[in-house]
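Colleague: I am new to this one. Could you walk me through how to read it?

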Amino acid sequence: MSESNASATRITPGNALRPEDIAASDVRPSEAVAEYALRLGDDALILAQRLGWWISRAPELEEDVALGNIALDQIGHARSFLTYAARAWDKTEDDLAYFRGEDEFRSTHLVEQPNGDFARTIARQLVVSQYQFALYSRLVSSSDATLAAIAAKAVKEVDYHRDHARQWVLRLALGTEESRRRMIEGLILTWPYVGELFEDDSLVKELEGTAVLPSSLRESFDAEIHGLFAEADLEVPEVPAAVGGGRRGEHSEHLGYLLAEMQVLAREHPGATW
Amino acid sequence: MTTATDTPQDLTAEQEQFDRLIAEDSRIEPRDWMPEAYRKTLTRQISQHAHSEIIGMQPEANWISRAPSLKRKAILMAKVQDEAGHGLYLYSAAETLGTSRDTMTEDLIAGKARYSSIFNYPARTWADMGAIGWLVDGAAIANQVPLCRASYGPYGRAMVRICKEESFHQRQGFEILLELSNGTEAQKKMAQDAVNRWYAPSLMMFGPPDDDSPNSKQSMAWNIKRFSNDELRSRFVGMIVEQVKVLGLTLPDDQIRFNEETGKWEHGPLDWNEFKEVLAGRGPCNAQRLERRRAAHDDGAWVREAAAAYAAKQAAKRNELKEAA
Amino acid sequence: MVGGSQTGDDGAKAPSAEQPGHPTAEPWPLWEVFVRSSRGLSHVHAGSLHAPDADMAVRNARDLYTRRNEGVSLWVVPASAIITSDPDAKGQFFESPQGKDYRHATYYTKSEGVKHL
């Protein structure tokens, strides 16, 4: 690890790290670290793909811009994590994004859930951003300097995403009767996919000190959600948890369509540059 | 301090003051007196400009989900998002003339307002992202740079901000085409096809020929418009005729030439009937564009109402606390 | 003095879009945005936007007016709260300073060339 630290001196936590910097660096992650980076990158990528739909369709123009900023942050995180992961296999971010099959994606079921109405998107945003905020807050201390550096930039950005989601949960829950009904419905549709985010497996255990143990994030996640829900007069939905498996490449039926659309052009022209 | 301003005598004095400001090439600000026709012309022009930014998001948003690399996806997202921002800047400028954004939006989705006709053409391939950036944004910038000096202050200020931000839009389009042109045969073909389709519509973005543009004269007299449609079009042709060589592509017009006598660039005939047809709503995508805007507006109504209701409740709560204290 | 604006940037009032019976259907109010581009400089007017309340207004301002590192601090002010001098006063409001050259250092020519003055 000390060796990789030495060669990664340019990438220090707090620097505005760009995917191009990671591609140009000579740090090569181990296979296990790359697998872990894939998970984080895929979550961000699939979420960005979902959020991008809202640009030109949001409830108000100001919100087009706000959701656009969030999607752009997520795509930035995805590019950094995927670029780093790709180095382990001498590939590029685009090889991973465009030429992997559905069962090779390591994202959770939560991020592939449909946008639904604005309330459902906000419910998903709330869960993702609270989870990512807790995760990146800890990842900044990772023994892997590159992961730590990516997290250092990302944590500030998802802090804002978290704030954005919380503001909207309050407004929708306490706004009108209709918005409250939709907010509750959005949370009910989202909650089955919360549990998967906090599942540990052999990879994260093996990467102790480098990866963040998902189960260790649950407590702070719950505390923040409870605080918000108390203010918004909401309750945590009591719904059965869905069977996850995204980290093993077992996805719901939504991901196939999402990837088909995302990858179609790149796959039509294999080997082309854009 | 407000004095009666509607006696004929005062109106004349106001008109003189307005005329003097225009003659001095100074700026008119929102609370200044201005002729009704000036206010109307500006409201129409700025709101149309704003609508164009908002509707113009759609052809490009159409490709965000399919962008062929993550870098291009991020760039395209940022660009389409910028357009929402530009629409907002322009609506704000138009609002200072006394028409609310809500009213302008209602006009747009009711099909009563116009927007740039070019956005009623479909973006069929990825190369269209290049051609739109290079030609459509290029034409828009050529149009907009002189508008930074428009006599109406808020419009000029909005345009300054927009022009600054748009400088990347045209370049990213050009680079998309450059990359395609240097790519595979299929990519190069895609690029040429897009340039062929967007060339004429982009020239028509400057508006009808001068002798068929009845409002231009007045707009120029008011220092809203600084150059005529044909003048700007000719300059634009001069720019792209050189740029297309760098791209290794061609323009679908073999009549482009520099007229030594007039010092102007000339181009082949444009199909103004098609222009009028599309303007009148009979373009390939008019109905689709409006439907999408209407759907976003209608689907968002409950969200806007919820936020307003929440704000009202919070304000009431604050007042209660204040009274109790 | 003239009261605040409903339509931004010191503008004239918009025709009211009130819909009786639908108090919540009113459009979001207008806010003026001021951006401090770096420490040591004043907040400068950047433009306006619509938002349901102050919390959202400052967030929307962040998203809309600082996408390119334009600022380190933001103010948002309800457009209706801005009081402006009356342009109908046709100049008398700003006439007084005209001709009072002695307020400017350049008025004092005899001391020209004297060091540190």
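**Reading the chains and their contacts**

Modeller: Start with chain C. Among its contacts between residues at least 6 apart in sequence, 47% join residues at least 24 apart. Keep in mind that this is a predicted model.

Colleague: Which pattern does chain C follow along the sequence?

Modeller: Read the elements in order. Chain C runs β-β-α-β. That is 1 helix and 3 strands.

Colleague: What share of chain C counts as buried?

Modeller: Buried means under 20% relative accessible area. In chain C, 32% of the 117 residues count as buried. The accessible surface of the chain comes to about 7400 Å². Carbon and sulfur atoms account for 54% of that surface.

Colleague: Now a helix. How many residues does H6 of chain B have, and how far does it reach?

Modeller: Compare the end-to-end reach with the expected value. Helix H6 of chain B covers residues 127–147, which is 21 residues. From first C-alpha to last, H6(B) reaches 29 Å, close to the 30 Å expected at 1.5 Å a residue.

Colleague: Where is the kink in H6(B) centred?

Modeller: On Asp137(B), with a kink of about 25 degrees.

Colleague: Why is H6(B) described as largely enclosed by the rest of the structure?

Modeller: Count its buried residues. In H6(B), 19 of the 21 residues are buried, so the rest of the structure largely encloses this helix.

Colleague: And the nonpolar core? Which residues touch the most other members?

Modeller: First the general idea. In soluble globular proteins, nonpolar side chains tend to be buried together. Here the largest nonpolar core has 196 residues. Tyr36(A), Leu172(A), Trp126(B) and Trp134(B) touch the most other members. Take Tyr36(A). Leaving out residues up to four places away in sequence, its contacts include Leu135(A), Leu139(A), Leu203(A) and Val212(A).

Colleague: What joins the side chains of Ser92(B) and Ser48(C)?

Modeller: A polar contact of 3.2 Å. Ser92(B) lies in helix H4 of chain B, residues 70–95. Its relative accessibility is 8%, so Ser92(B) counts as buried.

Colleague: One last residue. Is Ala307(B) buried or exposed?

Modeller: Ala307(B) is at 0% relative accessibility, so it counts as buried. Ala307(B) belongs to helix H13 of chain B, residues 301–324.

Colleague: Which residues is Ala307(B) in contact with, beyond its neighbours within four places in sequence?

Modeller: Look to the other chains. Ala307(B) is in contact with Trp168(A) and Arg171(A), and with Trp28(C) and Pro52(C).

Terms used:
Residues numbered from 1 in each chain as written. Chains lettered and ligands numbered in written order. Predicted model: local features only at pLDDT ≥ 70, side-chain atom pairs only at ≥ 80, totals over all residues. Heavy atoms only, no water. Helix = DSSP H or I, 4+ residues; strand = E, 2+ residues; numbered from the N terminus. Expected span 1.5 Å × (residues − 1). Bend = angle between axes of the 7 residues up to and from the residue. Buried < 20%, exposed > 50% of the residue type's maximum accessible area, 1.4 Å probe, protein only. Core = buried A, V, L, I, M, F, W, Y, C linked by side-chain atoms within 4.5 Å. Contact = heavy atoms within 4.5 Å. Areas by Shrake-Rupley, 256 points an atom, 1.4 Å probe, with all protein chains shown as cover. Polar contact = N/O pair within 3.5 Å; in protein donor to acceptor, adjacent residues only side chain to side chain.
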